[in-house]
Amino acid sequence: MFTLDKVRSEIAPTGPIRAAVNMSNAALVRWDENAGALVGPSAEIADRIAHELNRELSLIRYGSAADILSAADGGEWDIAFIASDPSRTDRFSFSPPYISVEATYLVPVTSPYRTAGELDSNGIRIASARSAAYTKQLERTLKRATVLHVDSPATALDFLADRECDAAAGLTEFLLNASQRMEGFRVVDGLFSRIPQTIAVHKRATNASLFFADFVRRLGGADVGRGRRR
């Protein structure tokens with residue numbers, strides 16, 4: 001059984017909790033110009049964690065989940081808000097999901113495909129960020145369409161705009177925002193994946209792992225999403 005002192009010694013040994021957040025996922029965290037702060041579920045939950053552990057909080061912003069994972073060995077963060085990844089359980093412990101985000105496709109307005117399911121067709125090329133959790137889901141579920149691995153969600157949009165693919169995969173909110181900026185494109189109906197989002201700690205942080213499993217269970221159906229942190 002964990003104690004809060006042991007948890008603090010594992011994830012906040014020098015004082016503040018350094019929490020890594022993925023700025024490419026606006027459904028979870030984004031910068032609010034009016035508030036001058038980060039807002040969203042990840043930011044609010046990080047605040048709750050810091051309050052419960054009686055520690056200051058420092059949110060460390062990264063451009064992608066891949067950047068967060070790359071920074072792990074350098075000791076840049078203590079906890080991370082990322083999707084669970086079974087292939088990395090040798091290095092990290094993942095909490096139960098605190099929320100799930102949805103992924104779908106952006107297509108030209110002239111595309112004959114109206115729903116996410118219809119795009120799994122012979123000859124269809126779908127651009128998707130190679131490091132994204134939803135790309136792994138695509139690889140497991142697509143039977144006919146081909147996944148084109150690109151560097152980032154933004155690159156997938158570039159491929160689509162340049163007609164190098166038939167659809168771009170991405171998080172629903174990201175693609176909805178893109179469709180408002182990119183004339184001639186629309187988001188299809190439906191989705192191809194729901195990606196559980198978790199709190200990750202280094203494998204050695206055994207007490208923290210137990211704490212976050214308990215924390216997320218207690219969080220339950222709490223209303224999150226309006227918290228903020230500089």
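Biologist: Why is Asn54 called exposed?

Modeller: Exposed means over 50% relative accessible area, buried under 20%, and partly exposed in between, using a 1.4 Å probe and protein chains only. Asn54 has a relative accessible area of 62%, so it is exposed. Before we go on, this is a predicted model, where local features need pLDDT of at least 70, side-chain atom pairs count only at pLDDT 80 or more, and totals for chains, interfaces and linings use all residues. Residues are numbered from 1 along each chain as its sequence is written, and side-chain values use heavy atoms, with hydrogens and water left out.

Biologist: Thanks! What makes the phi of Asn54 worth a look?

Modeller: Most residues other than glycine have a negative phi. Asn54 is not a glycine, yet its phi is positive, at about 55 degrees. Asn54 lies in the loop between α2 (41-53) and β4 (57-62); helices (H or I, at least four residues) and strands (E, at least two) are DSSP runs, numbered from the N terminus.

Biologist: And what is the phi of Arg163?

Modeller: Arg163 has a positive phi near 60 degrees and is a residue other than glycine. You will find Arg163 in the loop between α5 (153-161) and β10 (167-171). Its relative accessibility is 51%, so Arg163 counts as exposed.

Biologist: Is Ser121 buried or exposed, and how do you know that?

Modeller: Ser121 sits in the loop between β7 (99-108) and β8 (125-129). Its relative accessibility is 18%, so Ser121 counts as buried. Leaving aside residues up to four places away in sequence, Ser121 touches Tyr113, Arg144 and Ala145, where contact means heavy atoms within 4.5 Å.

Biologist: What about Asn122, buried or exposed?

Modeller: Asn122 is also in the loop between β7 and β8. With a relative accessible area of 63%, Asn122 is exposed. The C-alpha atoms of Asn122 and Ala132, ten residues apart along the chain, are separated by 23 Å.

Biologist: Why does Pro196 count as partly exposed?

Modeller: Pro196 has 36% relative accessibility, so it counts as partly exposed. Pro196 belongs to strand β12 (residues 193-202). Not counting residues up to four places away in sequence, Pro196 touches Ala83, Ser84, Pro97, Ile99 and Ser100. From Pro196 to Phe92, 104 residues apart along the chain, the C-alpha separation is 16 Å.

Biologist: Let's turn to the whole chain. How do you know that the chain is as compact as a globular protein of that length?

Modeller: The chain comes to seven helices and 13 strands. Its radius of gyration is 19 Å, close to the 17 Å that the globule rule gives for 230 residues, so the chain is as compact as a globular protein of that length. That radius is taken over C-alpha atoms, and the rule is 2.2 Å times the number of residues to the power 0.38. Along its principal axes, the C-alpha trace spans about 60 × 40 × 35 Å.

Biologist: What makes a set of residues a nonpolar core?

Modeller: The members are buried Ala, Val, Leu, Ile, Met, Phe, Trp, Tyr and Cys residues, joined through side-chain atoms within 4.5 Å. The largest nonpolar core has 52 residues, of which Ile49, Ile79, Phe81, Tyr105 and Ile199 touch the most other members. A second, separate core of 13 residues includes Leu157, Cys165, Ala178 and Met182.

Biologist: And how much of the chain is buried?

Modeller: Buried residues make up 48% of the 230 residues.
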